[in-house]
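Subject: Structure for your review

Hello,

Here is the structure I said I would pass on. My notes on it follow below.

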Amino acid sequence: MSEIEEKIARVVAARHDRLRLIDASNKSVEVPWPEALNKVGAYAVYIVHAGLFKTLASDFDAIKGKSLYDVARAIEIFTALGIRFVVTCSGQPDNRHILATFPSGIPAGKVADVGRWFHLLFPSLDHALLLNPRTGAIRPPYAPHRSGVGRSEVVGDPKDALAILEIGNSIETFNILYEYLSTHTNIKNTSTLVLEVFPADTSARPVNQTPPRQCKVLSPRMSLLLQHGDQSGRYRSSSE
């Protein structure tokens, strides 16, 4: 494991003294943070500590629904609201994680609300970790899969991903997301929630970007954002 990969794991984690080892049956046990992550097998880092989430982690599972479609919609929401994020390919071919860090921390209660709203929007989202204020954890980029085959891979350049995660987002940015979702909870057709985020002019959306070999194309207009997590900075975060 490279130094960048170790740094990415730490910047996603809310605590650096403990993590969870995962066995093939998906059971986990808490252990001290090891000196070398590449020697412990499958593991997950805590994304919450002392009632605050460091990382808003969206885990899309192809078994639960149309994960790539849900990921595309989530990317559009995050981008339109100015949230910096990184996408990873994880586990099965169509499984994805979207990771957005918040260095100052976001209250667990509000994260739980967002998790429930996201679950309504995105049927393939496994939102259980966002409802867990005590042991919420996720495999960070480059952590091995519990099956022993493959690992979580950043979509794009690891250096760019590290930079995005280190800069992260402000609590004000999270509040924008929270306020928007909270005012649309009575919408029956949740696809409307996604569409209303955008201005009428879609000409500025990136197009014709070749996707990485291991990931399927979600749509031409969103492939650049999926690859690089808005590293071009077109949609500036208020954390800057």
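Tyr-46 stands opposite Ala-137 in E8. Strand E3 (residues 43-46) and E8 pair in the antiparallel sense, over two bridges; strands here are DSSP runs of E with at least two residues, helices are runs of H or I with at least four, both numbered from the N terminus, and two strands count as paired if DSSP finds at least two bridges between them.

Before the rest, the ground rules. This is a predicted model, in which local features need pLDDT of at least 70 and side-chain atom pairs count only at pLDDT 80 or more, while totals for chains, interfaces and linings use all residues. Residues are numbered from 1 along each chain as its sequence is written, and side-chain values use heavy atoms, with hydrogens and water left out.

The four-stranded sheet

E3 and E8 belong to an open sheet of four strands, ordered E2-E1-E3-E8, with antiparallel pairing. E2 and E8 are the edge strands; each has a single partner, so one side of each is left without a neighbour in the sheet. Strand E2 (residues 28-32) is joined to E1 by five bridges, also antiparallel, and Leu-19 has Val-31 in E2 as its bridge partner. Five residues lie between the strands in the hairpin of E1 and E2, where Asn-26 takes a positive phi near 75°.

The five-stranded sheet

A further open sheet has five strands in the order E4-E5-E7-E6-E9, with antiparallel pairing. At its edges stand strand E4 (48-49) and strand E9 (153-154), each with a single partner strand, so one side of each has no neighbour in the sheet. E4 pairs with strand E5 (residues 52-60) over two bridges in the antiparallel sense, and Val-48 has Phe-53 in E5 as its bridge partner. Phe-53 also stands opposite Ile-106 in E7. E5 and E7 are antiparallel and share eight bridges, whereas E6 and E7, also antiparallel, are joined by four. Thr-88 stands opposite His-97 in E7. In the hairpin of E6 and E7, with six residues between the strands, Gly-91 has a positive phi near 70°.

E7 is mostly covered, with nine of its 12 residues buried (buried means under 20% relative accessible area, exposed over 50%, partly exposed in between, with a 1.4 Å probe and protein chains only).

Helices on the sheet

Helix H1 (residues 3-12) lies across E5 and strand E7 (96-107), at about 110° to E5. Angles run from 0 to 180 degrees between N-to-C directions, and axes are lines fitted to C-alpha atoms, for helices over the stretch in contact. The buried residues of H1 are Glu-5, Glu-6, Ile-8, Ala-9, Val-11 and Val-12, and their cover includes E3, E5, E7 and H4. Helix H4 (residues 158-167) packs on the sheet, touching strand E6 (86-89), E7 and E9 (contact means heavy atoms within 4.5 Å). The direction of H4 makes about 30° with that of E7.

Of the 56 residues in the largest nonpolar core, Leu-56, Phe-78, Ile-98, Val-114, Phe-118 and Leu-177 touch the most other members. Such a core is a set of buried Ala, Val, Leu, Ile, Met, Phe, Trp, Tyr and Cys residues joined through side-chain atoms within 4.5 Å.

Ser-58 is in strand E5 and is buried, at 2% relative accessible area. Not counting residues up to four places away in sequence, Ser-58 touches Phe-78, Arg-96, His-97, Ile-98, Phe-118 and Leu-125. Ser-58 and Ile-138 are 80 residues apart in sequence, and their C-alpha atoms are 9.5 Å apart.

The largest pocket

The largest pocket has a volume of about 770 Å³. A pocket is an open set of points on a 1 Å grid over the protein atoms alone, where a 1.4 Å probe fits, with protein on both sides within 12 Å along at least five of seven lines; lining residues have an atom within 4 Å of a point. Grid points are joined across faces, edges and corners, and the volume is the space filled by probe spheres set on them. The lining has 25 residues, of which Asn-26, Asp-59, Asp-126, Arg-139 and Arg-146 lie nearest the centre. Strand E1 (18-22), E5 and strand E8 (137-138) each supply at least two residues of this lining.

Regards
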